Amino acid sequence: MNTPTLAPHESMELHEALNFKTLCLAKSKLMQGLVFDQELKALMQKDVLQSTQQIAELQAIYARAPFQAPVPNSPTPITH
């Protein structure tokens, strides 16, 4: 059975959503150290757990993204 792949624009939008969720997760984790209110800290911890789960779900969908070239291990130099 064929597994459907994502269209190029869907891949880009998913990539953007994944980046945004990752940044939100990092911000929530970092801000927990600055928060003294226990209710707010608990809410932020809940956000971290939910974001981690959502990122895993997005990564599973992202595996279906069509890529024409392999992702390089290191950046290609601009100058020669």
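Predicted model: local features only at pLDDT ≥ 70, side-chain atom pairs only at ≥ 80, totals over all residues.
Residues are numbered from 1 along each chain as its sequence is written, and side-chain values use heavy atoms, with hydrogens and water left out.

Let us stay with Gln-32 for a moment. Gln-32 sits in helix α1 (residues 8-32); helices are DSSP runs of H or I with at least four residues, strands are runs of E with at least two, and both are numbered from the N terminus. With 15% relative accessibility, Gln-32 counts as buried (buried is under 20% relative accessible area, exposed over 50%, partly exposed in between, with a 1.4 Å probe and protein chains only). Apart from neighbours within four places in sequence, Gln-32 is in contact with Lys-41, Met-44, Gln-45 and Val-48, contact meaning heavy atoms within 4.5 Å.

Now for the helices. The chain has 2 helices and 0 strands. The axes of α1 and helix α2 (residues 38-62) come within 9 Å and cross at roughly 155 degrees; axes are lines fitted to C-alpha atoms, for helices over the stretch in contact, and angles run from 0 to 180 degrees between N-to-C directions. The two helices are therefore roughly antiparallel to each other (angles over 145 degrees count as roughly antiparallel). Sorted by class, the contact of α1 with α2 has 11 nonpolar, 10 polar and 4 charged residues. Here Ala, Val, Leu, Ile, Met, Phe, Trp, Tyr, Cys and Pro count as nonpolar, Asp, Glu, Lys and Arg as charged, and the others, Gly among them, as polar.

| C-alpha pair | Apart in sequence | Apart in space |
|---|---|---|
| Ala-56 and Leu-18 | 38 residues | 9.5 Å |

Ala-56 lies in helix α2 and is partly exposed, at 43% relative accessible area. Ala-65 belongs to the segment after α2 and is buried, at 9%. Not counting residues up to four places away in sequence, Ala-65 touches Leu-6 and Ser-11.

Technical notes. Parallel < 35°, antiparallel > 145°, perpendicular 65-115°, else oblique.
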